[in-house]
Amino acid sequence: MPSTTSDRFLRPAALIAAALLAASVAACGSSDDPTTAAPSASATASASVGTPAGVLGIRDPWVKAADKGMTAAFGTLVNDGDTDVTVTGARTDVSPMELHEMTMKDGKMVMQAKPGGIVIKARSRTTLQPGGDHLMLMDLKQPVKAGDELSFTLTFADGRTQTFTAVAKPFTGAQESYAPGHGEPMPGMSTTPAA
C-alpha cells in the first residue's frame, strides 16, 4: 500500500511516543537511589499523621460583626471520631479570646468562661451559638465588619491545633450584649445571623 504524506509524519511521531512511554515505564521500576524514588503510600500516610486538619469538622462558622469591644464566633463543631475531643483554647489576630458559656447564676442568665473547655462527644456535634457556648473575642484591636474573614486557631486538650476561617455577619437577633455578666437572649428571638 503506498504511503501518504500524513503517514510519513505520523509514523515518526508514533515511534517517539512509544519510546517515551517505554522510558516512563522503565523509570517506574526499582531504584537503588532513594532520592529519585517516588514516595510510597505508607510514607505519605505517615507524613500526614498528627496534622491539625480534620480534628473536627467546622460547619457554618461565622462571627458577629462589631465595631469595638467584644464579639463572638459561632458554628457547629462535628466530631466524627471514636473519642471525645475537648477544645481548651482559641486565638485570632484581632483580639484575645476565651471559651464562654451562658449559664444560670442567682436566677439570671450570665456569660462566663467555660470551665474545662468545650467537649464534643465522639460521633456527635456541638453547636456554638448566641445564648449558648461560643468563642469570645475580647477587646477588639480593630472593627470586625460584615464580610470580613477572620482566621481562628483552636487548641485541643491533647495539644493539637486546627485553624479555620469564619466570615463576619451583621446580627441583632438575640439582642445580646457581649459585656461580662450580660448576654441573655431575648425570648423568642432568632439565634442565627442574616445570610
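Reply: In this predicted model, the side chains of Arg-160 and Asp-158 meet in a salt bridge, with 2.7 Å from N to O. A salt bridge here is a side-chain nitrogen of Lys or Arg within 4 Å of a carboxyl oxygen of Asp or Glu. Arg-160 is partly exposed, at 35% relative accessibility. Buried means under 20% relative accessible area, exposed over 50%, and partly exposed in between, using a 1.4 Å probe and protein chains only.

Salt bridges that share partners join Glu-101, Lys-114 and Asp-133 into one network. Within it, the closest N and O atoms of Glu-101 and Lys-114 are 3.3 Å apart. Because Glu-101 belongs to strand β4 (residues 97–105) and Lys-114 to the loop between β5 (108–113) and β6 (118–120), this pair ties together parts 13 residues apart in sequence. Strands (E, at least two residues) are DSSP runs, numbered from the N terminus. Glu-101 is buried, at 12% relative accessibility, while Lys-114 is partly exposed, at 22%.

Asp-133 also forms a salt bridge with Lys-114, and here the closest N and O atoms are 3.5 Å apart. Asp-133 lies in the loop between β7 (124–128) and β8 (134–137), and Lys-114 in the loop between β5 and β6, so this pair ties together parts 19 residues apart in sequence. Asp-133 is buried, with a relative accessible area of 18%.

A search of the whole structure finds six salt bridges.

Residues are numbered from 1 along each chain as its sequence is written, and side-chain values use heavy atoms, leaving out hydrogens and water. As the model is predicted, local features need pLDDT of at least 70 and side-chain atom pairs count only at pLDDT 80 or more, whereas totals for chains, interfaces and linings use all residues.

Conventions: Helices (H or I, at least four residues) and strands (E, at least two) are DSSP runs, numbered from the N terminus.
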